Amino acid sequence: GRHLIEPNDFSLDEIESIMQLADNIIANPEGYSMVCKGKLLASLFYEPSTRTRFSFEAAMLRLGGEIIGFDDPNNSSVSKGESLGDTIRTIECYSDIAVIRHPREGTARLVSKFAKNMPIINAGDGGHEHPTQTLTDLLTIRKFKGGYDNHVVGVCGDLLFGRTIHSLVKMLSRYQGVKFVFISPKELQMPENILNLLNDGIYKETTNLDEVIGDLDILYMSRVQRERFVSEEEYLRLKDYYVLDKKKMKSAKKDMIVMHPLPRVNEIATEVDDDPRAVYFTQAKYGMYVRMALIAKLLGVEDKNDKCI
Ligand code: CP
């Protein structure tokens, strides 16, 4: 089967066709409301989620498919010591496609090796990757900024543990002329292995958001990832390092957009939510449409729409 474990698993042409399908679904959701009739999605979340899980489940239901899953991973036989490999081999007996989130890095890639015909989608593996958030982010950038090339993208917050950021930066670096400004405390800088993938001169690093906010076309804020910290004290010291508020937004371009994968804690003051440049809840909405497109593509049913209506 075909899997989505990290954004680089898909070519730019494949990404483009997912975006176009998402656009078509947004324009004509009824046309796709039965394309997954008779198909089952297994929803395997071994770590908490609101957006990713519910947008995947809503996506499958809105395509006419159905879902299976557990409310609590302790209710699956993994709690009796069953391996994830055996779990996936079993789930494949019952399902057409599976989405998995797990706190351990590399889990989605590992279990994909046990799935013979069932596509596996990585819904987040530890601090590593979150490719469907990247698809959500791309659709948002496309809708608000017209395309991906030549933007100055500020990425602010927990760049060390933020998996949405790792996937997004790897993805955007594949487009023409994108420049990054990495804004973080020294303790939470972008990992070397990702910086090494970027060409010289396409990024700079700073600790000071105020100094750079006026240069940005996109400001991607992120939460300090409490669940990845070994020391609670260190988390508490860093958690409110950046708070984007109305005052800071005054220095930003009139057409800059503020994105955030959510959940947010304090890093964007709620007073910013009414600013037309704040697009993070629209971003969350696009997450469902892009996941509808992804599921339809991976199951090869996107062309069934005409036959079903
Ligand atoms: N953006 C995101 O992954 O949110 P959840 O953790 O709520 O799924």
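How far does the backbone nitrogen of Arg-53 lie from a polar atom of the side chain of Ser-49? The distance is 3.0 Å. This is a predicted model, in which local features need pLDDT of at least 70, side-chain atom pairs count only at pLDDT 80 or more, and totals for chains, interfaces and linings use all residues. Residues are numbered from 1 along each chain as its sequence is written, and side-chain values use heavy atoms, with hydrogens and water left out.

**Ser-49**
- Ser-49 is placed in the loop between strand 1 (40-45) and helix 2 (51-62); helices (H or I, at least four residues) and strands (E, at least two) are DSSP runs, numbered from the N terminus.
- A polar atom of the Ser-49 side chain also lies 3.4 Å from the backbone nitrogen of Thr-52.

**Ligand surroundings**
- Around the ligand are Ser-49, Thr-50, Arg-51, Thr-52, Arg-101, His-130, Gln-133, Pro-261, Leu-262 and Pro-263, where a residue is near a molecule if one of its heavy atoms lies within 4 Å of it.
- This shell comprises three nonpolar, five polar and two charged residues; Ala, Val, Leu, Ile, Met, Phe, Trp, Tyr, Cys and Pro count as nonpolar, Asp, Glu, Lys and Arg as charged, and the others, Gly among them, as polar.

**Ligand atoms**
- An N or O atom in the side chain of Ser-49 is 2.6 Å from an oxygen atom of the ligand.
- For the side chain of Arg-101, an N or O atom is 2.9 Å from a ligand oxygen atom.
- A polar backbone atom of Pro-261 is 2.9 Å from a nitrogen atom of the ligand.

Key:
Polar contact = N/O pair within 3.5 Å; in protein donor to acceptor, adjacent residues only side chain to side chain.
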